[in-house]
Amino acid sequence: MAVLNLRWFAAALRTTFADAGQDGWGAAATASSAAVGGLFFLLITVVAALAYSIAGSGNCTLTSGLNDFAWACAVLT
């Protein structure tokens with residue numbers, strides 16, 4: 001739900017900037033919210049894959065690498 005709220009907020013910013021005649025800033029707000037939303041979605045996907053399928057396979061190297069990647073995504077967002 002937080003990702004959807006972020007997208008809604010960016011759309012509201014874009015509308016406000018468009019009304020003020022500054023469409024470039026609105027496009028930048030939309031693009032940045034799409035990038036952050038994509039990172040959040042990727043983080044959720046990796047953590048869910050770790051929790052439900054990959055960790056049970058017994059491949060500790062893959063599990064450890066994906067866990068490190070998930071933490072790196074959390075730091076970036």
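The radius of gyration of the protein is 17 Å, whereas a compact globule of 77 residues would have one near 11 Å. The model is predicted. Its C-alpha atoms fill a box of roughly 55 × 20 × 10 Å along the principal axes.

**Helices**
- The protein has three helices and zero strands.
- Along the sequence, the pattern reads α-α-α.
- Two of the helices are α2, covering residues 23-54, and α3, covering residues 60-76.

**Burial and surface**
- Of the 77 residues, 16% count as buried.
- The accessible surface of the protein is about 5400 Å².
- Carbon and sulfur atoms account for 71% of that surface.

**The largest nonpolar core**
- In soluble globular proteins, nonpolar side chains tend to be buried together.
- Here the largest nonpolar core has five residues: Leu43, Val46, Leu50, Ala70 and Cys73.
- Both α2 and α3 supply at least two residues of this core.
- The helix that gives the most to the core is α2, with three residues.

**Contacts**
- Leaving aside residues up to four places away in sequence, Val46 touches Leu66, Phe69 and Ala70.
- Val46 and Ala70 are also both members of the largest nonpolar core.

Key
Residues are numbered from 1 along each chain as its sequence is written. This is a predicted model: local features need pLDDT of at least 70, side-chain atom pairs count only at pLDDT 80 or more; totals for chains, interfaces and linings use all residues. Side-chain values use heavy atoms; hydrogens and water are left out. A nonpolar core is a set of buried Ala, Val, Leu, Ile, Met, Phe, Trp, Tyr and Cys residues joined through side-chain atoms within 4.5 Å. Buried means under 20% relative accessible area, exposed over 50%, partly exposed in between (1.4 Å probe, protein chains only). Helices (H or I, at least four residues) and strands (E, at least two) are DSSP runs, numbered from the N terminus. Contact means heavy atoms within 4.5 Å. The radius of gyration is taken over C-alpha atoms; the globule rule is 2.2 Å times the number of residues to the power 0.38. Accessible areas come from the Shrake-Rupley method with a 1.4 Å probe; for residues, only the protein chains shown count as cover.
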